Amino acid sequence: MGNGERTATAIGAVVAVVLQVVLAPNIALFAAVPNFLLAYALVVAITRAQSCGLVMPFVLGMIFDLVGGGPVGACALLLVLATFLLSRASALVDNGTLFMPLAMLLGSTLLVELLYAVLLLLSGAGLNPLEAFVYRALPCALYDMVAGLVMYPLVVRFVARRAAQQPGTPQIL
């Protein structure tokens with residue numbers, strides 16, 4: 001990853017943190033709060049599969065854990081695992097079309113939110129399983145999916161294009 005790409009990735013992470021702290025609480029619907037940090041980390045893992053590190057997802061996850069009300073370390077753990085697995089899967093199965101990255105983004109977002117709901121239940125958050133999955137995990141996953149779909153073309157344009165275009169990375173103008 002070159003310096004320009006690192007700078008663009010860092011700027012994007014800062015923007016995601018600002019969106020998470022300032023915007024997310026104001027657009028929450030009941031218990032569903034969008035996780036812009038999750039969406040950004042997953043989009044970077046997909047678009048920069050060959051050079052995706054684990055430090056940024058860990059830091060973004062810890063920021064989410066410290067700002068949110070969940071167990072500290074849960075989102076950090078899930079973001080590190082998800083970005084690692086997603087970057088490897090993206091490098092293996094990406095065929096240059098737009099369908100595969102978006103399908104991986106949507107599936108991984110849903111999976112991370114469901115696992116976060118499980119961790120909330122295990123940590124004794126005072127939720128019953130129905131509330132955790134139906135009223136928290138699924139609406140949050142939908143929020144995160146929309147955020148990821150909005151972020152994907154922006155990250156491809158401003159972050160992924162900073163480096164030499166690698167084979168298999170979808171072209172979006």
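**What does Y40 touch?**

Which residues does Y40 touch, not counting residues up to four places away in sequence? Y40 touches A8, T9, G12, A13, A16, M56, L60, M151, V155 and V159, where contact means heavy atoms within 4.5 Å.

Before we go on, a word on the model: this is a predicted model, in which local features need pLDDT of at least 70, side-chain atom pairs count only at pLDDT 80 or more, and totals for chains, interfaces and linings use all residues. Residues are numbered from 1 along each chain as its sequence is written, and side-chain values use heavy atoms, with hydrogens and water left out.

**The nonpolar core**

Y40 also turns up in the largest nonpolar core, which has 36 residues; Y40, L60 and Y116 are those with the most contacts inside it. A nonpolar core here is a set of buried Ala, Val, Leu, Ile, Met, Phe, Trp, Tyr and Cys residues joined through side-chain atoms within 4.5 Å. Buried means under 20% relative accessible area, exposed means over 50%, and partly exposed lies in between, using a 1.4 Å probe and protein chains only.

At least two residues of this core come from each of α1 (3-23), α2 (36-47), α3, α4, α5 (99-122) and α6 (129-158). Helix α2 gives the largest share, eleven residues. Helices are DSSP runs of H or I with at least four residues, strands are runs of E with at least two, and both are numbered from the N terminus. As general background, nonpolar side chains in soluble globular proteins tend to be buried together.

Two packed helices are described by the angle between their axes and the distance between the axes. Axes are lines fitted to C-alpha atoms, for helices over the stretch in contact, and angles run from 0 to 180 degrees between N-to-C directions.

For α2 and α3, the packing angle is about 170° and the axes are 9 Å apart. That makes α2 roughly antiparallel to α3; angles over 145 degrees count as roughly antiparallel, under 35 as roughly parallel, 65 to 115 as roughly perpendicular, and the rest as oblique. On the α2 side the contact is made by L37, Y40, A41 and V44, and on the α3 side by M56, P57, L60, I63 and F64. By class, this contact of α2 with α3 has nine nonpolar, no polar and no charged residues. For these classes, Ala, Val, Leu, Ile, Met, Phe, Trp, Tyr, Cys and Pro count as nonpolar, Asp, Glu, Lys and Arg as charged, and the others, Gly among them, as polar.

Helix α3 (residues 55-67) packs with helix α4 (residues 74-93) at an angle of about 150°, their axes 7 Å apart. This makes α3 roughly antiparallel to α4. The crossing of α3 past α4 is right-handed; a crossing is right-handed if the near helix is turned clockwise from the far one by less than a right angle, and left-handed if anticlockwise. From α3, P57, F58, L60, G61, M62, F64 and D65 meet A74, C75, A76, L79, V80 and T83 of α4. By class, the contact of α3 with α4 has ten nonpolar, two polar and one charged residues.

G61 sits in helix α3 and counts as buried because its relative accessibility is 0%. Leaving out residues up to four places away in sequence, G61 touches C75, A76 and L79.

The angle between α2 and α5 is about 140°, with their axes 10 Å apart. That makes α2 oblique to α5, and the crossing of α2 and α5 is right-handed. L38, L42, V43 and I46 of α2 make the contact with P101, M104, L105, S108, T109, V112 and E113 of α5. The residues of this contact of α2 with α5 divide into eight nonpolar, two polar and one charged.

S90 is found in helix α4 and, at 2% relative accessibility, counts as buried. Not counting residues up to four places away in sequence, S90 touches A45, I46, A49 and M104.

Leaving aside its neighbours within four places in sequence, L149 is in contact with L102, L105 and L106. Y152 is also found in helix α6, and Y152 counts as buried at 2% relative accessibility.
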